[in-house]
Amino acid sequence: MGLKSKLFKFSVIFICIYSIATIFFIPRNMVYVKMISLSQNIKDYPELKQLALEIVKPCQDYDRDLKYHCMYRMVADFVERNITYVPDSFLEEVLMLNNDPLHTLRYGGDCENKAILAIDLLKQLGFKNLYFVFQDDPDPFKTDHMCYMVYDMGRFVTYNCDPTKPISQVMQVV
């Protein structure tokens, strides 16, 4: 048995063990912590900055509070209307692949990809009171959901959350 076949066999076994451990032994919300780190250290993506400014251009004439409210809505509407929902494969979900906002912008994504993109667009505009919201589905055979929340005009407002699922955790994006 050559070195390449040993490495391949080890890789397959490792992925299987990691997948099983992730599904059965690691609390669900612990898995999402890795996704949070993607948006905690946002790089200056010129594409995202330019896109964010273009999306909120119609809001520039409003006074401060209404302007911010308009900007939140415009970003949410852009993501909802222009980003195709593409469910993650099993490996993408377990290994947290394709959660980069530029990838989502080009190829679409699932609920956490859309939430990460929306948060990244808002961070590019300078917003700071941004939160990821995790919703557990009571049915163990259905997937959980991720959306986001902002502090807008003196209250917290959620975007793209499922009203039928309870909120299990809220994490501020720093």
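**View 1. Contacts across the protein chain of a predicted model.** Among contacts (heavy atoms within 4.5 Å) in the protein chain between residues at least 6 apart in sequence, 64% join residues at least 24 apart. This is a predicted model, in which local features need pLDDT of at least 70 and side-chain atom pairs count only at pLDDT 80 or more, whereas totals for chains, interfaces and linings use all residues. Residues are numbered from 1 along each chain as its sequence is written, and side-chain values use heavy atoms, with hydrogens and water left out.

**View 2. Order of the elements.** The protein chain holds 7 helices and 4 strands, where helices (H or I, at least four residues) and strands (E, at least two) are DSSP runs numbered from the N terminus. Read from the N terminus, the elements follow the order α-α-α-α-α-α-α-β-β-β-β.

**View 3. Burial in the chain and in strand E1.** Of the 174 residues of the protein chain, 38% are buried, that is, under 20% relative accessible area with a 1.4 Å probe, protein chains only. Strand E1, residues 130–135, is mostly covered, with 6 of its 6 residues buried. Leu130, Phe132 and Phe134 point one way from E1, while Tyr131, Val133 and Gln135 point the other way, and all are buried.

View 4. Strands E1 and E2 (residues 145–152) pair in the antiparallel sense over 6 bridges, pairing being called if DSSP finds at least two bridges between two strands. Within this pair, Tyr131 stands opposite Met149 in E2. E1 is also joined by 5 bridges to strand E4 (residues 167–172), and these two run antiparallel, with Phe134 opposite Gln169 in E4.

Technical notes: Buried < 20%, exposed > 50% of the residue type's maximum accessible area, 1.4 Å probe, protein only.
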